[in-house]
Amino acid sequence: MQVLLRADASARIGLGHLRRCLSLAQALRARGAQCHFVCRDLGLDVAALVAAEGFGCSLLPAPAPGFQPDADAPAHAAWAGLPQADDAAQTIAAAAPLQPDWLVVDHYAFDQRWHRAVSAALGCAIAAIDDLADRPLQVDLLIDHNLADDHAAKYAGRLPAGTPGCTGPGHALLGPAYAGATPCVVQEAVHSIGIFMGGTDAAGLSQQALQACTLAGFHGPVEVAASSAFVHLAALRQAVAARPHTTLLLDQPDLAGFFGRHGLQIGAGGGATWERCCLGAPTLAVAVAANQQQALQPLARRQVLQLVGGTADAPVPDAPAIAGALAGLLASGTLRRRLAAAARGLVDGQGASRVAATMQGLALTLRPATMDDAHLLLAWRNDEATRQASHGSAPVAWPDHQRWLAAVLADERRQLWLACLGGEPVGTVRADAPAPGAPDPAQVLSWTVAPAARGRGLGVRMVRLLAARLPGPLRAEVREGNTASVRVALAAGLLPAGRQGQVLHFRRS
């Protein structure tokens, strides 16, 4: 299984989207998948981060400054730096040579228009990692590991009904180090505090949290985790150096040990929230953006963590606000133990493996057709749209169809397959080999997508899947005006080879 992952990182976006995609890629690789990243150059060396985990990365060019999204663009469209139609075209160009089975996209700037364009051009399934539910999505799998009472209601009107989902904290995308990590031991007194404010900490909250520790009366050891991408790294180094018993942990590949060795954590929302939960680390969470509030508030209501956020006048919490919430946690071992137990009950570190297994289960497969498929195949063949696109548009009678299917199955020169998605038939594809001594040695391809499965790029995927199994030349004949089948033929690697009357010919030599 070939999987592409489309995610970006920048001082504005942070590193969280890229980090959780890396965790998913590791789980997919453990199941035998080949993974490759497509990222845009937004000022951080994302290619190096991806390479450090053993994956390749195609880097899209940096956008020109001054991009202003259209009025109908997603709320976070500016994060991409260019129109999503342009990003889709560049993503398609970078991804096409790899012929992916899946493309995982983790980006708030893209909506169903991006999904449809990429799926149609690449013929792959699309999985979206999302938690905002603030724009229409058109995907084959939704991944939202945030806590919600009803994810179907959350995405109502944003996602087609019946779209499979990996939802809830049980699907949190954590790296492999977390599944077997030693959990935090919660004692009556806090002996040390850990601070991690995300991958870039554009708001400088690490310094505010350090000051809050002192304001709350804690003078013991504090360890601050950071990355070289921190916007205010120089100022943070100075703050760490100025405070006794304070150390800086820089550029760690994972923070499992960090979250497990301190009696209390102060941290921003994002992917690290679930890492802390997995380790049962009592946490004072700091929300600095609306999407973080949305994710953290349900956890605070269930007493999984304590939450401190900004106000309308001051969106970023300051040191006194953090210190006020911190003092209560420092004073109560009972409260910290209760938070730790609730957190560990939500996340077990196996979420990425669960998502990877789901993606494998939803992979398109081919199985040989049998006479038991006769009624299904006839219904597809007699669908009005199918008949209008076929060389013969008249309905086929049941006895004629039975005789035809029996003859096809008995003919060694003909292969008829059902394409199945998650075990459910979604189309059929056929290869007819020429008779011995025929002047044209090419096998002839034909295909039908089930009426209920149209518009999802499945035709390209199933034709590609069969074509990859067939050696030698291939050809297809498509009725003029059947633009969907023309698109399938081209995307499956067949090239235009002329026309005869109203029939267009395509060929792979």
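## Exercises on a predicted model

**Exercise 1. What span does helix H10 reach, and what span is expected at 1.5 Å a residue?**

Solution. 
- This is a predicted model. Find helix H10 at residues 290-301; it has 12 residues.
- Go from its first C-alpha to its last: H10 reaches 17 Å.
- Now compare. The expected span is 16 Å, and the helix comes close to it.

**Exercise 2. Does Trp-79 count as buried or exposed?**

Solution. 
- Locate Trp-79 in the loop between strand S3 (56-60) and helix H3 (84-95).
- Apply the cut-off: buried means under 20% relative accessible area.
- Trp-79 counts as buried because its relative accessibility is 16%.
- Check its contacts, leaving aside neighbours within four places in sequence. Trp-79 touches Arg-12, Ile-13, His-17, Leu-42, His-107 and Tyr-108.
- Phe-110 is 31 residues from Trp-79 along the chain, and their C-alpha atoms are separated by 9.7 Å.

**Exercise 3. Where in the protein chain is confidence lowest, and where is it highest?**

Solution. 
- Take the whole protein chain: the average pLDDT is 91, and 98% of the residues score at least 70.
- The lowest confidence is in helix H15 (residues 384-389), with a mean of 76.
- The highest is in strand S2 (residues 34-40), at 98.

Methods. Residues are numbered from 1 along each chain as its sequence is written. This is a predicted model: local features need pLDDT of at least 70, side-chain atom pairs count only at pLDDT 80 or more; totals for chains, interfaces and linings use all residues. Side-chain values use heavy atoms; hydrogens and water are left out. pLDDT is the predictor's confidence in each residue, from 0 to 100. Helices (H or I, at least four residues) and strands (E, at least two) are DSSP runs, numbered from the N terminus. The expected span of a helix is 1.5 Å times one less than its number of residues. Buried means under 20% relative accessible area, exposed over 50%, partly exposed in between (1.4 Å probe, protein chains only). Contact means heavy atoms within 4.5 Å.
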